[in-house]
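Visitor: Please walk me through this model, one question at a time.

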Amino acid sequence: MKSRLILAIAATFICGAAFAHSEKEGTTPADGAELTETPEMIHMVFDDPMRITMARLLNADGAEMPMERGTGLDPSLEFHAKPEPLAPGRYTMEWRGLA
C-alpha cells in the first residue's frame, strides 16, 4: 500500500484597505488534496494582485517545513513555492496577504 501525503491549504487574508479585497481563485495542489509524493510546486492564484507577507508549510505537529519561495513580496496574481521532499503525513500551508 502506498503512503499518502496530504496537503491542506489553509487561508488567512489580511486586507490592505477597508473595502479592498482579493480572493483566492485556486490552488495546486487543490485544497485538501491527497498526494502520493511531494508536490513539485505549491501554487495559488488570486483574482486581484496580492502581496503574500507570510507563507509557511507546517507538518501535523506544527513544525515548519523548508520550502523555497518562488515569488517575492511584490503584489502578484500568483504565488508559488517549492517544498523540500516531505515524509508521508498531513501538511498545512498557512499564508497571509495584503490586497
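Visitor: Which strand has the lowest mean pLDDT, and which the highest?
Guide: The model is predicted, and pLDDT is the predictor's confidence in each residue, from 0 to 100. Strands here are DSSP runs of E, at least two residues long, numbered from the N terminus, while helices are runs of H or I with at least four. Among the elements, the lowest mean pLDDT, 51, falls on strand β1 (residues 5-11), and the highest, 96, on β5.

Visitor: What ground rules apply to numbering and confidence?
Guide: Residues count from 1 along each chain as its sequence is written, and side-chain values use heavy atoms, without hydrogens or water. In this predicted model, local features need pLDDT of at least 70 and side-chain atom pairs count only at pLDDT 80 or more, whereas totals for chains, interfaces and linings use all residues.

Visitor: What pattern does the protein follow along the sequence?
Guide: The protein has zero helices. Its strands number eight. Read along the sequence, the pattern is β-β-β-β-β-β-β-β.

Visitor: How many bridges pair β4 with β7?
Guide: Two strands pair if DSSP finds at least two bridges between them. Strand β4 (residues 42-59) and strand β7 (residues 76-83) run in the antiparallel sense. I42 has A81 of β7 as its bridge partner. The β4-β7 count is five bridges.

Visitor: Which residue in β7 is the bridge partner of E68?
Guide: Strand β6 (residues 67-69) is antiparallel to β7, with three bridges joining them. A hairpin through six residues connects β6 to β7. The β7 partner of E68 is K82.

Visitor: What is the geometry of the aromatic pair?
Guide: Rings of Phe, Tyr and Trp (its six-membered ring) pair if their centres lie within 6.5 Å; planes under 30 degrees apart count as stacked, over 60 as edge-to-face and the rest as tilted. The count by this rule is one aromatic pair. F46 and W95 lie 5.4 Å apart, centre to centre, with 65 degrees between the planes, so the pair is edge-to-face.

Visitor: How many residues apart are F46 and W95?
Guide: Both F46 and W95 are buried, that is, under 20% relative accessible area, where exposed is over 50% and partly exposed lies in between (1.4 Å probe, protein chains only). F46 sits in strand β4 and W95 in strand β8 (residues 89-98). The pair links distant parts of the chain, 49 residues apart.

Visitor: Is T27 buried or exposed?
Guide: T27 belongs to strand β2 (residues 24-28). Its side chain reaches the backbone oxygen of P29 at 2.9 Å. A polar atom of that T27 side chain also lies 3.3 Å from the backbone nitrogen of D31. Because its relative accessibility is 16%, T27 counts as buried.

Visitor: Is E64 buried or exposed?
Guide: E64 is in strand β5 (residues 64-65). Not counting residues up to four places away in sequence, E64 touches R56, L57 and L58. The relative accessible area of E64 is 52%, so E64 is exposed.

Technical notes: Polar contact = N/O pair within 3.5 Å; in protein donor to acceptor, adjacent residues only side chain to side chain. Contact = heavy atoms within 4.5 Å.
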